[in-house]
Amino acid sequence: MHFEHSAKTQEYIARVKTFMDEHVYPVEEQVYAETHELNPTGDWTKWQMHPSINKLKAKAKEQGLWNLFLPDAELGQGLTTLEYAPLAEEMGRVLWASEVFNCNAPDTGNMEVLYHFGSDYQKKTWLTPLLEGDIRSVFGMTEPDVASSDATNMAATIEQDGDEIVMNGKKWWSTGLGHPNATVTIFMGLSNPENDKHSQHSMVVVPLDTPGIEIKRMLSAYGDYDAPSGHGEMHFNNVRVPKENLIMGMGKGFAIAQGRLGPGRIHHCMRSIGAAEKALELAIKRGTSRVAFGKLLLKLGGNGERIAQARMAIDQARLLTLNAAWKIDKIGVKNAMTEISAIKVVVPKMLESVVDMAIQLHGGAGMCGDFPLARFAAGARALRLADGPDEVHMGMVTRLELRKYAGK
């Protein structure tokens with residue numbers, strides 16, 4: 001394995017860094033502060049995007065820094081998972097930056113679903129406007145009434161009735177549901193209970209204005225509604241759409257999800273590594289500019305060693321993630337499950353630890369909105385559940401590891 005990025009990747013890294021330096025960082029704190037002013041309550045019907053976001057999106061599109069995640073030279077920039085990974089890291093240094101490049105979750109995953117598995121009709125109707133950045137999307141998988149750590153527990157139903165698909169059930173923690181531009185969701189539910197457990201579910205594309213969909217509320221995470229994206233709860237009551245909205249076929253939901261969640265985990269993890277780098281940078285700047293008890297903060301206690309530990313942890317997490325990306329490109333998602341499951345555990349916990357260290361060095365300032373650390377901390381903790389709990393992923397690694405020794 002080569003440990004140096006290709007010339008093509010290095011060029012894109014330089015371009016993204018330049019864009020961040022010239023356009024994103026100068027308005028970073030303004031966007032954070034004014035977004036809260038625009039969206040002060042949990043009433044998502046009044047939420048607004050910060051006007052700088054659309055302006056920056058237009059600039060990124062003009063510069064060819066658009067849809068970088070998609071390995072298609074016509075619809076994206078033709079980058080592989082490994083080539084895109086360091087670009088996601090750069091974006092991760094600012095929580096809202098990925099949307100500027102049209103590389104934000106859950107849209108990237110939904111676009112990958114439609115790109116790889118969607119029909120021509122589905123691509124024209126939903127993939128094209130998503131790729132243009134004209135709309136946002138939602139993914140409806142997690143449910144409030146079952147233990148969603150086991151995805152086979154899904155109780156929401158999908159039934160075919162003549163030329164229509166009928167859906168019933170509840171979904172929550174549906175990221176992006178509060179966004180003003182959210183117009184469509186991909187709904188996953190139980191469709192074929194008679195099949196084996198990984199062939200029982202399907203995915204359907206559902207416009208959010210379809211009769212029978214009720215958005216109940218946005219959910220706060222660590223006291224923040226994460227506006228204007230939001231994580232919401234929606235109920236489906238005899239929601240009907242044409243059968244043309246069914247993706248790939250009945251019982252194909254888990255097969256689609258496996259393809260969707262592989263590259264998407266690389267994106268999440270590399271953005272998290274970018275956030276960790278930002279947190280470490282802030283910790284060093286704070287520790288070398290503040291004095292307490294007659295010494296620089298970094299000279300007190302074990303703070304210097306904590307910086308070293310953070311450096312090592314970040315680099316280890318990055319190598320593990322890039323290895324997973326390399327394997328996805330070389331041998332496919334199915335053959336990289338150990339690595340994908342491992343980074344789901346290692347990277348969010350690393351980010352959580354590094355950010356906590358940085359908050360401690362900042363004291364009270366680390367907990368307020370003057371720095372991005374509190375936002376990073378909430379995101380890191382949420383990510384340990386958003387991709388499934390750590391225990392599920394460690395269970396996968398254990399099963400795959402023990403399988404190597406079966407019969408020996």
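**Close-up views of a predicted model**

**View 1. Surroundings of Thr 321.** Leaving aside residues up to four places away in sequence, Thr 321 touches Ile 266, Cys 269, Met 270, Ile 273, Ile 343 and Val 347. The structure shown here and in the other views is a predicted model. Thr 321 belongs to helix α9. With a relative accessible area of 0%, Thr 321 counts as buried, because that value falls under the 20% cut-off. A polar atom of the Thr 321 side chain lies 2.8 Å from the backbone oxygen of Ala 317.

**View 2. The second largest pocket.** This pocket has a volume of about 350 Å³. It is lined by 13 residues, of which His 2, Phe 3, Glu 4, His 5 and Leu 82 are the closest to its centre. Helices α4 (81-91) and α9 (303-331) each contribute at least two residues to the lining of the pocket. The most comes from α9, which supplies four residues. Sorted by class, the lining of the second largest pocket comprises six nonpolar, five polar and two charged residues.

**View 3. The largest nonpolar core and a separate one.** The largest nonpolar core has 88 residues, and those touching the most other members are Leu 68, Tyr 84, Leu 87, Trp 96, Phe 101 and Val 354. Helix α8 (residues 253-287) gives the most to this core, namely 13 residues. Another core, of 20 residues, lies apart from it and includes Val 138, Ala 182, Val 204 and Leu 208. In soluble globular proteins, nonpolar side chains tend to be buried together.

**View 4. Contacts of Val 354.** Val 354 is one of the residues that touch the most other members of the largest nonpolar core. When residues up to four places away in sequence are not counted, Val 354 touches Ala 276, Ala 279, Leu 280, Ala 310 and Ile 314.

**View 5. Helix α6.** Helix α6 spans residues 107-117 and is mostly covered, with eight of its 11 residues buried. The buried residues of α6 are Asp 107, Thr 108, Gly 109, Asn 110, Met 111, Glu 112, Val 113 and Leu 114.

**View 6. The largest cavity.** One cavity of 30 Å³ or more is found in a search of the whole structure. The volume of the largest cavity is about 30 Å³. Its lining consists of Asn 110, Leu 114, Trp 126, Leu 130, Ser 137, Val 184, Ile 186 and Val 205. At least two lining residues of the largest cavity come from each of α6, α7 (120-132) and β4 (182-190). By class, six lining residues of this cavity are nonpolar, two are polar and none is charged.

Notes:
Residues are numbered from 1 along each chain as its sequence is written. This is a predicted model: local features need pLDDT of at least 70, side-chain atom pairs count only at pLDDT 80 or more; totals for chains, interfaces and linings use all residues. Side-chain values use heavy atoms; hydrogens and water are left out. On a 1 Å grid over the protein atoms alone, a cavity is a set of points where a 1.4 Å probe fits but cannot get out, and a pocket is an open set with protein on both sides within 12 Å along at least five of seven lines; lining residues have an atom within 4 Å of a point. Grid points are joined across faces, edges and corners, and a volume is the space filled by probe spheres set on the points. Ala, Val, Leu, Ile, Met, Phe, Trp, Tyr, Cys and Pro count as nonpolar, Asp, Glu, Lys and Arg as charged, and the others, Gly among them, as polar. Buried means under 20% relative accessible area, exposed over 50%, partly exposed in between (1.4 Å probe, protein chains only). A polar contact is a pair of N or O atoms within 3.5 Å; within protein, one must be able to donate a hydrogen and the other to accept it, and residues adjacent in sequence count only if both atoms are side-chain atoms. Contact means heavy atoms within 4.5 Å. A nonpolar core is a set of buried Ala, Val, Leu, Ile, Met, Phe, Trp, Tyr and Cys residues joined through side-chain atoms within 4.5 Å.
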